[in-house]
Amino acid sequence: MTKPEPKAILMDANQMRRALSRIAHEIIERNKGTEHVALVGIRRRGIPLAQRLAERLKEFEGRDVPVGSLDITLYRDDLTELGTLPVVHKSEVNFTLPGRVVVLVDDVIYTGRTVRAALDALLDIGRPSAIQLAVLVDRGHRELPIRPDYVGKNVPTSRRERVEVNVVEIDGEDYVALFDNEG
């Protein structure tokens, strides 16, 4: 089966790079530097986006920012819909959370349920002084009272559409596309 053609390319590689640079500057400004900042990418595409943000933060501030990864599989409220044996990966947060501002990083925010699960998973690891949220794309349609602090691009969508983020590290190329949902 061939992959359907996107309705639109919302961001190309250069637009993604510029959005991440802008988000990095906003993180620095809001937190008055990066001394107490750590990034935690939500598995799957949030991890490479968090790593890229860390590179930008180091470039702009000259300081390494710790990066972790979070698997939220067991915290999802739709776990029974994922199949009989969901694949669980290891969360890796190899730094202390107290006293840190943790910026959760994800590719797309939609209903807010992924972020809710990520908050639960993160708080099971420890209690940071604050948690902020950075997303590459906000497509609207929230079902929970969750709002990102940093957004690369706001994209109004219908529920019959889907936004797909592709990153070089996983997909071989960088772009964000809009598709019609099948069925």
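Me: Over how many bridges do E7 and strand E8 pair?
Reply: In this predicted model, strand E8 covers residues 175-180 and pairs with E7 in the antiparallel sense.

Me: Which strands are the edge strands of the open sheet formed by three strands?
Reply: The three strands follow the order E1-E8-E7, with antiparallel pairing. An edge strand here pairs on one side only. The edge strands are therefore E1 (8-11) and E7 (161-166).

Me: By how many degrees are neighbouring strands of the sheet in the order E1-E8-E7 turned against each other on average?
Reply: The sheet is open and its pairing is antiparallel.

Me: What distance does helix H2 reach from its first C-alpha to its last?
Reply: Helix H2 takes in residues 46-61, a stretch of 16 residues. At 1.5 Å a residue, the expected span is 22 Å, and the model comes close to it. The helix reaches 22 Å.

Me: What covers the buried residues of H2?
Reply: The buried residues of H2 include Gly46, Ile47, Leu49, Ala50, Leu53 and Leu57. Both helices and strands take part in the cover. Among the covering elements are H1, strand E2 (37-42), E3, strand E4 (101-109), strand E5 (130-138) and helix H4 (168-171).

Me: Which residue just after H2 takes a positive phi?
Reply: H2 consists of residues 46-61. Just after this helix, phi takes a positive value of about 75 degrees. The residue is Gly62.

Me: Is Ser69 buried or exposed?
Reply: Ser69 is placed in strand E3 (residues 67-70). Leaving out residues up to four places away in sequence, Ser69 touches Val40, Gly41, Ile47, Lys90, Ser91, Glu92 and Val93. Its relative accessible area is 12%, and because the cut-off for burial is under 20%, Ser69 counts as buried.

Me: How far apart are the end C-alpha atoms of residues 102-114?
Reply: UniProt, in an unreviewed entry, places the feature "short sequence motif: PRPP-binding" at residues 102-114. In the model, the span is 15% helix and 62% strand. Its end C-alpha atoms lie 16 Å apart.

Me: Is Lys32 buried or exposed?
Reply: Lys32 lies in the loop between H1 and E2. Phi of Lys32 is near 55 degrees, a positive value in a residue other than glycine. Since its relative accessible area is 77% and the cut-off is over 50%, Lys32 is exposed.

Me: What relative accessible area does His141 have?
Reply: His141 belongs to the loop between E5 and strand E6 (150-154). Phi of His141 is positive, near 70 degrees, in a residue other than glycine. His141 is partly exposed, with a relative accessible area of 25%.

Notes
Residues are numbered from 1 along each chain as its sequence is written. This is a predicted model: local features need pLDDT of at least 70, side-chain atom pairs count only at pLDDT 80 or more; totals for chains, interfaces and linings use all residues. Side-chain values use heavy atoms; hydrogens and water are left out. Helices (H or I, at least four residues) and strands (E, at least two) are DSSP runs, numbered from the N terminus. Buried means under 20% relative accessible area, exposed over 50%, partly exposed in between (1.4 Å probe, protein chains only). Contact means heavy atoms within 4.5 Å. Two strands pair if DSSP finds at least two bridges between them. UniProt positions are given in the numbering used here, feature names are shortened, and annotations may be inferred rather than shown by experiment. The expected span of a helix is 1.5 Å times one less than its number of residues.
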